[in-house]
Amino acid sequence: MAKRILRPLSFATALALTGGVTAAPTPPSSNLDPASLDTKIDPCADFYHFVDGKWIAANPVPADRTRWGTFDELREASLKAQRTLIESAANGKPAAGTIEQKLGDFYATGMDEAAIEKLGVTPIEPELAKIAAIKSVGDLTAYLTDSHTRGLPGFFGFGAYPDFKNSSMVIGYAGEDGLGLPERAYYLEDKPDYVKIRNEYVGHIEKTLALAGVKADEAKQDAQWILALETQDATASLSPIEARDPKNQYHYVSVADADKATPHFSWTRFLAAQGVKDAPGFSLSHPEWFTAFDKMLTDVPLDQWKAYLRFHLLDEAAPYLSKAFVEENFDFNQHKLRGQKEMEARWKRVLNAVNGQMGQAMGQLYVAQNFPPESKQRAQELVQNLRVALKARIEKLDWMSDATKRKAIDKWETFVPKIGYPDKWRDWTGLTITRAGYVDNVIAASKFNHDWRVGRIGKPVDKTEWGMTPQTVNASYNPLKNEITFPAAILQPPYFDAKADDGLNYGGIGAVIGHEMTHGYDDKGSQFDAHGNNLNWWADEDKKQFETRTDKLVKQFDGYVALEDLHVKGKLTLGENIADLGGLNVAFDALQMALKKNPQEAKSKIGGYTQDQRFFLNFARIWRTNILPENAKVSLNTDPHAPGPFRAIAAPSNMPAFAQAFSCKAGSPMVRGDDVQVKIW
């Protein structure tokens with residue numbers, strides 16, 4: 001239920017380190033085998049299937065996954081490497097208090113199914129008793145406040161992030177939350193798929209409550225109450241498209257004004273309970289949702305609130321409880337909602353839990369064994385080359401005034417690249433992990449992490465912190481810090497290989513680097529200045545030009561049909577699509593710069609393909625994906641990333657360089673005409 005209030009902009013869907021196959025495949029090679037291409041297909045007509053068609057046919061989604069693609073292959077390899085490390089810690093005798101001891105004990109308790117089964121729901125009975133003891137609105141608000149102090153779900157989210165208007169300082173952020181379904185439309189619209197999911201959700205609530213000993217009639221009534229309460233929540237909630245807008249993510253208020261905005265919920269007491277002292281204010285966003293929340297505190301009967309809190313506690317805890325809870329949680333959240341056929345192996349689920357709570361500690365072990373220094377050095381060189389190419393593109397823009405260009409270059413100059421792993425590791429002193437119980441460890445870590453997060457409020461931003469773990473196969477841009485992050489796990493084939501030719505590397509990790517840099521200038525990132533402040537640095541006419549161009553990109557993606565009659569949502573995916581287009585152009589320019597220094601490589605062919613062709617071939621290869629239709633429907637509604645098949649073709653189809661590389665003629669599907677071709681960065 002808990003959501004991140006603010007999210008760094010990532011290269012791909014940031015799936016947790018989960019999943020698995022019966023027999024894990026070998027990670028993809030950096031070598032591009034010409035035999036893997038379907039030469040019966042014209043690359044100018046269907047580039048995606050020209051590059052990826054054979055792979056797609058040979059790689060159906062495994063039974064324990066909801067999608068399968070290049071990212072998933074690499075995540076599988078990352079998980080296998082982590083398993084070796086954490087099982088060594090669990091089976092060894094590391095010194096008490098070390099991260100090896102904490103990780104090993106956490107993992108060992110998660111793998112002790114017999115002990116977990118014996119305990120049943122016992123580990124969370126004290127929390128259930130607190131909910132049962134609620135007798136008044138005052139008790140309810142006191143419980144919501146108290147649950148947050150322990151890192152437990154509390155209907156709204158609360159976190160610590162840089163201030164939109166003073167990005168050098170950390171403030172508190174409260175944001176809407178509380179829904180058990182993916183987004184508001186699942187409650188408010190009567191499309192057949194939504195009605196089906198709502199009915200299945202009600203059944204899931206009933207079954208979960210029954211497992212905790214709630215009588216059938218009471219569970220049935222509670223399920224209807226919970227759906228009704230969440231529907232009220234959904235009515236006041238933002239849509240995923242609205243939630244992307246920075247204007248809806250930040251609303252600074254004084255603590256006194258916050259108390260006035262929600263007269264039945266005291267933010268003064270809430271902040272004090274979290275250990276936040278002397279904070280003059282925080283972000284309460286969006287205000288309309290909190291107005292509705294305050295009204296619900298008195299309008300919704302206490303028994304209905306208690307039913308809601310009881311169920312969501314059980315649902316959040318279910319993955320760490322006995323088998324019956326685990327299976328019911330999987331049946332709805334993964335099988336019915338996303339189509340997954342089988343549960344993933346237990347060791348992967350436990351490792352996922354460990355990563356969710358102690359991911360940076362796990363990363364510390366991971367990089368020591370899985371990230372050679374030469375990889376970081378080569379990646380740093382590529383980042384620098386991409387920076388040079390981006391600056392040159394900004395300087396040559398024919399639609400932007402010199403004054404705005406100077407501001408754009410100011411932002412370019414302050415980019416902070418983070419490659420591989422943090423220079424300073426997080427300190428886990430104070431977190432006690434034992435072999436007493438799995439749920440106990442999850443609760444202890446949740447509390448520890450909550451205290452660590454809110455402990456930053458009122459302090460200067462620590463720019464050495466990482467928002468991603470090194471073992472994550474992804475990359476990100478954070479507009480509040482103007483930083484780009486490339487974890488160790490993505491710096492491997494087919495994205496990156498220090499020994500590969502430039503065409504492959506620039507079409508792989510080069511496109512990723514360019515993508516993250518361009519996020520600084522997408523529809524959201526462009527609203528933040530060189531220092532990470534949410535300030536307008538655009539001349540009015542330049543902003544109009546930018547929006548005219550991005551509107552064309554919205555229309556391009558709105559035209560893609562992903563499944564049945566479901567189109568990609570151009571506005572939801574706009575930020576990622578701008579980053580793909582700009583990033584691929586920047587990476588191609590950087591490739592040309594590199595080839596000028598190596599004329600022999602520029603003229604040579606590898607496997608019958610030129611460097612320019614291999615650049616686009618590898619870009620399409622990283623987007624090969626099979627996805628279950630149920631999961632695709634959820635993603636189309638909630639994921640700001642377009643489906644892989646469209647990302648593989650959308651940016652190249654806007655680039656004359658692609659048409660030239662493959663000798664495509666005007667009018668070909670992969671050559672967009674001048675009237676619809678999108679040029680931004």
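Q: At what angle do helix 3 (residues 99–111) and helix 16 (residues 346–370) pack?
A: This is a predicted model, in which local features need pLDDT of at least 70, side-chain atom pairs count only at pLDDT 80 or more, and totals for chains, interfaces and linings use all residues. Residues are numbered from 1 along each chain as its sequence is written, and side-chain values use heavy atoms, leaving out hydrogens and water. Helices (H or I, at least four residues) and strands (E, at least two) are DSSP runs numbered from the N terminus. The axes of helix 3 and helix 16, lines fitted to C-alpha atoms over the stretch in contact, lie 9 Å apart, and the angle, on a scale from 0 to 180 degrees between N-to-C directions, is about 170°.

Q: Which relative direction does this angle give helix 3 and helix 16?
A: Angles over 145 degrees count as roughly antiparallel. Helix 3 and helix 16 pack at about 170°. The direction is therefore roughly antiparallel.

Q: How far does helix 19 (residues 438–454) reach from its first C-alpha to its last?
A: Helix 19 has 17 residues.

Q: How many residues of strand 4 (residues 166–175) are buried?
A: Buried means under 20% relative accessible area (1.4 Å probe, protein chains only). Strand 4 is mostly covered, and the buried count among its ten residues is seven.

Q: Which residue of strand 4 is the bridge partner of Pro162?
A: Strand 3 and strand 4 run antiparallel and are joined by seven bridges. They form a hairpin with two residues between them. The partner of Pro162 is Val170.

Terms used: Angles under 35 degrees count as roughly parallel, over 145 as roughly antiparallel, 65 to 115 as roughly perpendicular and the rest as oblique. The expected span of a helix is 1.5 Å times one less than its number of residues. Buried means under 20% relative accessible area, exposed over 50%, partly exposed in between (1.4 Å probe, protein chains only). Two strands pair if DSSP finds at least two bridges between them.
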